[in-house]
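Try each task before reading its solution.

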Amino acid sequence: STNTDSTFEAELILRKQNIANRTVRDWQTFRMIYNHAKTPFLFELYEDTTRVFVDYLFSEQINSFSWEIKNKGLEYLKIKISGKESPEILGYSIEGKKGVWVDNISLRGSAGGVFRSVTSSSLTHFYNQNYIPLVIMQFGGNNMPYIKDKKACEQYANDMKRNLNYIKTLIPTAQIIMIGPSDMSVKEATEWETYPILKTCRDELKRATFEAGGVYWDLFEAMGGENSMPLWVDKNLAASDYIHFTGSGAKKAASWFYDALMHDYEEWEKNK
């Protein structure tokens, strides 16, 4: 991007990734969410090298621009904006038109306490614009190496409960599922053993989730419970750090979660 005293220009290219699942590479719709466009700004959209849209956009409140992608063999989208004052670009959404949309907020290294720092008016706008029946959160693992006692576990779980309650106030009709930490190992002498505080933190996180009206899926127990991580490493389902899953391990855990979710959903369908 460039900026002068009187104008600004910015450009962004969004490329398809060949390593992504085929369905994820099926781009059919594009949406840009923006805010604080106090003066009109010129917006240009390119499908590969072809400019397919150009016009001025303006909105002092959160707004969105939507476009149906026409080029079926598209390799990339290019966005160019320019004007006297820069708008605030809040995000982009590229989707297909069928199936389940999963909007994943990947927060590397996050302990899960970030949600209350997001302006409620912004989140409410997104949630009102989209039907959000289910929120799935997975946290706890990143904090494990730094938690030393039960009091710290309680403090972390209570902070997570405040985040869950915050989300529930913004989406009162949504159901919340919390996926807790997996087994994680630390080396004691010559053996890899479950972090001493992990089960206590799991229990506290489960307690906080229930108090917030959510559902807890116990990944720790699903994968085998205490000291199960070494077996996952031996089977190439987890990495040699004895913390993170490999791709095949993550796929296995995800399939177990899906099976558990659909089993309970089908039971609810029969008994409702």
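The side chain of Asp-218 makes a polar contact with the side chain of Arg-202, at 2.7 Å. A polar contact is a pair of N or O atoms within 3.5 Å; within protein, one must be able to donate a hydrogen and the other to accept it, and residues adjacent in sequence count only if both atoms are side-chain atoms.

This is a predicted model, in which local features need pLDDT of at least 70 and side-chain atom pairs count only at pLDDT 80 or more, while totals for chains, interfaces and linings use all residues. Residues are numbered from 1 along each chain as its sequence is written, and side-chain values use heavy atoms, with hydrogens and water left out.

**Exercise 1. Describe the surroundings of Asp-218.**

Step 1. Locate the residue: Asp-218 is in the loop between strand 13 (215–217) and helix 4 (219–222). Helices (H or I, at least four residues) and strands (E, at least two) are DSSP runs, numbered from the N terminus.

Step 2. Classify its accessibility. Buried means under 20% relative accessible area, exposed over 50%, and partly exposed in between (1.4 Å probe, protein chains only). Asp-218 has 14%, so Asp-218 is buried.

Step 3. List its neighbours. Not counting residues up to four places away in sequence, Asp-218 touches Arg-202 and Lys-206; contact means heavy atoms within 4.5 Å. The side chain of Asp-218 also reaches the backbone nitrogen of Phe-220, at 3.2 Å.

**Exercise 2. Which salt bridge do the side chains of Arg-202 and Asp-218 form, and what does the pair link?**

Step 1. Apply the rule: a salt bridge is a side-chain nitrogen of Lys or Arg within 4 Å of a carboxyl oxygen of Asp or Glu. Arg-202 and Asp-218 meet this rule at 2.7 Å, N to O.

Step 2. Arg-202 has a relative accessibility of 7%, so Arg-202 counts as buried.

Step 3. Widen the view: Arg-202, Asp-203, Lys-206, Asp-218 and Glu-221 are linked in a network of salt bridges.
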